[in-house]
Amino acid sequence: MTNPTTNINRVLINAPVETVWNTLVKTDEALPFFFGGVCQTQDGLKPGARYRMVSANRKVAMVVGEVLRFEPPHVYAHTFTMTNIDEPPVTVTYTLVEKDGGTEFELRIDNLIPGSKLAKEMVSAQGFIASNLKALCETGRPAFTGRMVGLLGPVFARLAKPAQAVEHWPL
């Protein structure tokens, strides 16, 4: 087996750290920077809590995991497993640091298996997540790519595998 690796993406967001944090950790509404997914938990985001990212229609579980760290407004870390990929989970850490009148947003992914399908999906998604979070926090609207994913979300939900149905991924 290849040694797991880490991938880091950083972007400066011209918005206060509280704005970025509150946008990042929203639950129960579609988040364009997370591909239109809705973050669901039973008792909120906190260490030890299970979460899942579901489609906007709440019928498909796209991602599941457990919150590892939750330190408002600076650090949020969780495990991450895509329900359509049978591979070990990775760890995702978002770090927010006040910098130059804005917020430096860091998205770090640990335990990536080089060449794996999950690693390819995760690394390619980092730029999308950062650019759409940045646009949303700075302008109140996601970037063009986030708006397109939002429009195509219902189509993607119909293409999901039956095993991705939310009833198979309880909190």
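Guide: Let's start with the largest pocket, where helix 2 gives the most to the lining, with 7 residues. Before we go in, note that this is a predicted model, in which local features need pLDDT of at least 70 and side-chain atom pairs count only at pLDDT 80 or more, while totals for chains, interfaces and linings use all residues. Residues are numbered from 1 along each chain as its sequence is written, and side-chain values use heavy atoms, with hydrogens and water left out.

The largest pocket holds about 1,000 Å³ of space. Here a pocket is an open set of points on a 1 Å grid over the protein atoms alone, with protein on both sides within 12 Å along at least five of seven lines, and a lining residue has an atom within 4 Å of a point. Its 43 lining residues include Phe34, Phe35, Met62, Val63 and Met82, the closest to the centre. Besides helix 2, at least two lining residues each come from strand 4 (50–54), strand 5 (61–71), strand 6 (75–82), strand 7 (90–99), strand 8 and helix 3 (144–158). These elements are DSSP runs numbered from the N terminus: helices are H or I with at least four residues, strands E with at least two.

The structure holds 7 aromatic pairs (ring centres within 6.5 Å, using the six-membered ring of Trp; planes under 30 degrees apart are stacked, over 60 edge-to-face, the rest tilted). One of them is a stacked pair of phenylalanine 35 and phenylalanine 128, at 4.2 Å centre to centre and with 15 degrees between the planes. This pair bridges distant parts of the chain, 93 residues apart: phenylalanine 35 sits in the loop between strand 2 (30–31) and strand 3, phenylalanine 128 in helix 2 (residues 117–139). Are the two partners buried or exposed? Phenylalanine 128 is buried, at 12% relative accessible area, whereas phenylalanine 35 is partly exposed, at 37%. Buried means under 20%, exposed over 50% and partly exposed in between, using a 1.4 Å probe and protein chains only. As for Phe34, ring pairs join it with Trp21, Phe33, Phe70, Tyr76, Tyr94 and Phe105 in a cluster.

Now follow the chain on into strand 3 (residues 37–41), where glutamine 40 has its place. Glutamine 40 is buried, with a relative accessible area of 12%. Beyond its neighbours within four places in sequence, glutamine 40 has contacts (heavy atoms within 4.5 Å) with Asp28, Arg50, Tyr51, Arg52, Val54, Arg58 and Leu171. Valine 11 is another matter: 29 residues from glutamine 40 in sequence, and 26 Å away in space, C-alpha to C-alpha.

A last stop concerns the cysteines. Cysteine 39 is buried at 4% relative accessible area, and cysteine 137 is buried at 12%.

Conventions. 1 Å grid on protein atoms, 1.4 Å probe; cavity = no way out; pocket = protein on both sides within 12 Å on 5 of 7 lines; lining within 4 Å. Points joined across faces, edges and corners; volume = space filled by probe spheres on them.
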